[in-house]
Amino acid sequence: MTEKPLPDIEFEALLHYIQESRGLDFRGYKRASLRRRITLRMEAVGVETFVAYQEHLEAAPGEFENLLNTVLINVTSFFRDGEAWDVLKNEVVPRLVANSEPDKPIRVWSVGCASGEEPYSIAMLLAEALGTADFCNRVKIYATDLDEEALKVARLATYLPRDVEAVPAKMLERYFERTNNHYVFERELRKCVIFGRHNVVRDAPISRIDLLVCRNLLIYLEVETQGIVLPRLHYALNPDGYLFLGKAETQLARSPLFKVVEMKQRIFTKVSQEWRRPIGGGFGGSRPPRTEAPQSSPAMLEAVLNECGQALLAVDEAGSVIFVNNPARHLLGVGEDDIGRPFQDLPISYRPMELRGPMEEVFRSHRSVRLEDQEYRLTQNDVMRLTIDARPLSRADGSVYAVLLCFLDTTRMHSLQMELEAAQETLENAVEELQSANEELETTNEELQSTNEELETTNEELQSTNEELETLNEEARSSNEEMESVNEELRVQAEQASNYRIYLESVLRSMNGGIIVLDRKLAIQSWNRWSENAWGLRAEEVVGTSFEELDIGLPIHLLRDAMNAVRAGREEKVERIVEGIDRRGRRILCNIVISGLLDEDRGSQGLVLLFQDVTDEHRRDEYGRYLGRIMGHALNEIYFLDPTTLTFMLTNEGAQKKLGYSEQQLAVMTLTDVLAGIRAGDIKALLAPLMNGDKSEIVFETLVRDAANREYPVEICMQYFADEHPPILVAIVHDISERQQLIAGR
Ligand SMILES: C[S@@+](CC[C@H](N)C(=O)[O-])C[C@H]1O[C@@H](n2cnc3c(N)ncnc32)[C@H](O)[C@@H]1O
């Protein structure tokens, strides 16, 4: 037998912590395997001691699930160990179906079902034997496991092609639906498989089971824990139910609770415990009436029996001792006096074991019963082993008249047997260890494989990311180049824009007039130098503020209507003359042109207000008008003549009255038409020095003929304004009749 190593206090404390905090008792699991699995987790999270790992478990709640996944090895497959499943299919399932009553359910329990391959394998076998419809009506498969994660996978019933490799092609076609690269177990059959979390060590077993499959779970448990589980499995089974264990679960084969159906494939059936019930009273009652024993030669027979080397004792059907040979007297302490006494009064009837039950069985069944290897304690230290055969002694008609008890000393055989068993147990332990290590190895291998696959995928992803990055880099480089050239263009444009802005600003600044640009909300965008000078506010102070709210000498409210008309598009342009007070307090008359600020599509972006100081111009106009009025009303005749044709361009009222022509009549007449005695050529010659600029004025006397053909003497003073536009010849005509009369009268 292998010696158990001393418990590691820290490790035990960790198991205790897991049990206390999560209610999961791993203490019944084989220490070596458990330790290896937990160490794997410790390596994964980077801690070195069990104490540190316990702290990690406390701090990181997600770790418990990882631990569970590592400790509970979920290695499984469909029809795992194919040969065993063949026997189940060919030997057990047909018997199961034959023994079951047609209207009774067939109940199966898959203990430690992992990710479901095992219960679904059973489902397929039973569906094949019963037909799908019958299967769905009658079969209930309970599939339980401790690992909730594994159960989730099991419930999904979705497997990869490599998972279903062991499923025969026919079954695969019949019981699986193929969806893109997955196989899903048939829905109707799946409904008969009930998954649930169940701890076989702690939770109450499911009962009345016809087929109990508990494979590759017990190997992870300590022998003591197996001793707790096996009676539960025994209880769960129906009297003629079958137990199907894993290939490596050999030790269990020796359990007295189960008897072998197929040793190699670990198929057992339940040993009924009923005959162990204590039996009271003697035999008889229901047994047939006593008839005479056949005649024999007693002396010879007795001698033979005394020398046969076996202790023999016979009890008749009334329960009385009828025969004891010499070895029996020595061995069992039964004497001559005991012949004829009720067997049940002798100590041998209950020591080394209760013999009345088996004897009753022999009377009833007419068959021998063997009680192997019973301990018989002669004294405190003297123990021997007996194998007791209870054999029927029959009459010619087959009825049993007595039972012969043969006591065989098997002490030596027993000790040999013990040694053999110990050796066998060691071997079996080693096999179990090997199997569980194997499964661990398989898991580790699978984990490694999937890590490898993940790594490969990551690598591929990295490669493609790299390629993408390279492409991106390439694109970035060409974008960069493009951006550089765009940048260059932008820089040139910005430079142009800045020049343009400077140019515009200087144009605006140098404009002899104000320009104010407003946006759509009438906030000031531009305010040139003229505006600064006129209204006493600098551009920095007003740009961005509302034009309407400006506090300046300009009565802005007078422009509101005009601005609104242009903004609303009712007018394209509005001109207003508004009087205001400039920053020096001087009255200023502004001609303001309001027009829209239009974008390229002629959409209005705001307003442009052009200001022109027309104060002086207006004053000049006024003055001109004033002069005109005075000249118009003057008594002298004033003619404005075209210097080329001498046509009357304009005449004052005095001239019109004196000449007796209306303004319209004069407009089609020339100076020569009203001058009497001067021909046109003479006049031109007379005026030549004036027109050449040699003289600034020419004064001469002549006669003027009025509309009534009356002539009167005049002095004409002529001036030529060559710089006027158009150039004009002005004649101021003064009637000198009175002066001449005065001279003539002197
Ligand atoms: C190696 S697998 C065997 C799966 C399947 N029976 C087979 O042979 O293919 C062992 C399973 O037993 C489960 N298990 C371990 N301890 C258990 C317990 N105390 N109660 C129920 N299931 C347990 C594990 O979670 C795991 O899924």
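Glu10, Phe11, Leu14 and Tyr17 of helix α1 meet Phe50, Val51, Tyr53 and Gln54 of helix α3, where contact means that the C-beta atoms of two residues, placed from the backbone, lie within 7 Å. Helices (DSSP runs of H or I, at least four residues) and strands (runs of E, at least two) are numbered from the N terminus. This is a predicted model, in which local features need pLDDT of at least 70, side-chain atom pairs count only at pLDDT 80 or more, and totals for chains, interfaces and linings use all residues. Residue numbers start from 1 along each chain as its sequence is written.

Two packed helices are described by the angle between their axes and the distance between the axes. The axes are lines fitted to C-alpha atoms, for helices over the stretch in contact, and the angles run from 0 to 180 degrees between N-to-C directions. For α1 (residues 9-22) and α3 (residues 50-59), the axes come within 9 Å and cross at roughly 20°. Helix α1 is therefore roughly parallel to α3; angles under 35 degrees count as roughly parallel, over 145 as roughly antiparallel, 65 to 115 as roughly perpendicular and the rest as oblique. The crossing of α1 and α3 is left-handed, a term used if the near helix is turned anticlockwise from the far one by less than a right angle, with right-handed used if clockwise. The contact of α1 with α3 has six nonpolar residues, one polar and one charged. In this division Ala, Val, Leu, Ile, Met, Phe, Trp, Tyr, Cys and Pro count as nonpolar, Asp, Glu, Lys and Arg as charged, and the others, Gly among them, as polar.

The next pair is α2 (residues 31-45) and α4 (residues 62-71), which pack at an angle of about 140° with axes 9 Å apart. Helix α2 is therefore oblique to α4, and their crossing is right-handed. From α2 the contact takes Leu34, Arg37, Ile38, Leu40, Arg41 and Val45, and from α4 it takes Glu63, Asn66, Leu67, Thr70 and Val71. Six of these residues are nonpolar, two polar and three charged.

In the loop between α4 and α5 lies aspartate 81. Its phi is near 60°, a positive value in a residue other than glycine.

Helix α5 (residues 82-99) pairs with α6 (residues 117-130): their axes come within 10 Å and cross at roughly 50°. The two are therefore oblique to each other, and the crossing is right-handed. Trp85, Leu88, Lys89, Val93, Pro94 and Val97 of α5 make the contact with Ser121, Leu125, Leu126, Ala129 and Leu130 of α6. By class, this contact has nine nonpolar residues, one polar and one charged.

The ligand is surrounded by 22 residues, the closest being Leu72, Thr76, Gly112, Ala114 and Arg215; a residue counts as near if its C-beta atom, placed from the backbone, lies within 6 Å of the molecule. The shell holds nine nonpolar, seven polar and six charged residues.

Residues 500-546 are 47% helix and 21% strand, with the end C-alpha atoms 26 Å apart.

Finally, the peptide bond from histidine 725 to proline 726 is cis, with omega near -5°. Proline 726 sits in the loop between β25 (711-721) and β26 (728-735).
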